Amino acid sequence: MPDNVNHPAHYETGKFECIDVMVETQGVESTIDFCVCNALKYLYRHKRKNGLEDIKKARWYLDKAIELEELNHEVE
């Protein structure tokens with residue numbers, strides 16, 4: 001069964017997920033900003049589009065932003 005929240009197939013190419021490629025090519029800070037903005041997008045539209053699924057996607061992006069922030073502070 002496809003997992004549209006945690007591992008959407010359309011964001012995977014081979015063994016890499018898009019979010020991981022973003023970190024490598026755009027940097028941690030830019031990817032954190034992207035995650036926060038994407039979470040806002042999903043929350044903003046959830047009542048008009050995918051309901052609970054969009055709320056879960058927003059949570060996923062916020063969790064990823066938190067994970068990257070924590071990793072970023074460990075490196076400093």
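Helix 1 (18–26) and helix 2 (28–45) are among the elements that cover the buried residues of helix 3. Contact here means heavy atoms within 4.5 Å, and buried means under 20% relative accessible area, with exposed over 50% and partly exposed in between (1.4 Å probe, protein chains only). This is a predicted model, in which local features need pLDDT of at least 70 and side-chain atom pairs count only at pLDDT 80 or more, while totals for chains, interfaces and linings use all residues. Residues are numbered from 1 along each chain as its sequence is written, and side-chain values use heavy atoms, with hydrogens and water left out.

**Helix 3 and its cover**

- Helix 3 takes in residues 52–75; helices (H or I, at least four residues) and strands (E, at least two) are DSSP runs, numbered from the N terminus.
- Which residues of helix 3 are buried? They are D54, K57, A58, W60, Y61, K64, A65, L68 and N72.
- The 24 residues of helix 3 should span 34 Å at 1.5 Å a residue, and the end C-alpha atoms are 35 Å apart, which agrees. The expected span is 1.5 Å times one less than the number of residues in the helix.

**The chain as a whole**

- The protein chain has three helices and two strands, and from the N terminus on, its elements run β-β-α-α-α.
- Along its principal axes, the C-alpha trace of the chain spans about 40 × 30 × 15 Å.
- Of the 76 residues in the chain, 29% are buried.
- Among contacts with a separation of 6 or more, 52% come from residues 24 or more positions apart.
- The accessible surface of the chain is about 5700 Å², and carbon and sulfur atoms hold 57% of that surface. Accessible areas come from the Shrake-Rupley method with a 1.4 Å probe; for residues, only the protein chains shown count as cover.

**Salt bridges**

- Side chains of opposite charge can pair when their charged atoms come close.
- How many salt bridges are there? The count is three, where a salt bridge is a side-chain nitrogen of Lys or Arg within 4 Å of a carboxyl oxygen of Asp or Glu.
- R45 and D54 meet through their side chains at 2.9 Å, N to O. R45 is buried at 19% relative accessible area, and D54 is buried at 0%.
- K57 pairs with E53 in a salt bridge, with the closest N and O atoms 3.2 Å apart. Both K57 and E53 lie in helix 3, four residues apart, about one turn of the helix. K57 is buried at 12% relative accessible area, whereas E53 is partly exposed at 29%.
- E67 and K64 form a salt bridge at 3.3 Å, N to O. Both E67 and K64 sit in helix 3, three residues apart, again about one turn of the helix. E67 is partly exposed, with a relative accessible area of 36%, whereas K64 is buried at 12%.
- An α-helix has 3.6 residues a turn, so residues three or four places apart point the same way.

**Cysteines**

- A disulfide is a covalent bond between the sulfur atoms of two cysteines.
- How many disulfides does the rule give? The count is zero, with a disulfide taken as a pair of cysteine sulfur atoms within 2.5 Å.
- The closest cysteine sulfur to that of C18 is in C35, 10 Å away, which is too far for a bond. C18 is partly exposed, at 35% relative accessibility.
- For C37, the closest cysteine sulfur is also in C35, at 9.5 Å, too far for a bond. C37 is exposed, at 54% relative accessibility.

**On the surface**

- D33 lies in helix 2 and is partly exposed, at 46% relative accessible area.
- D33 and K15 are 18 residues apart along the chain, and 24 Å separates their C-alpha atoms.
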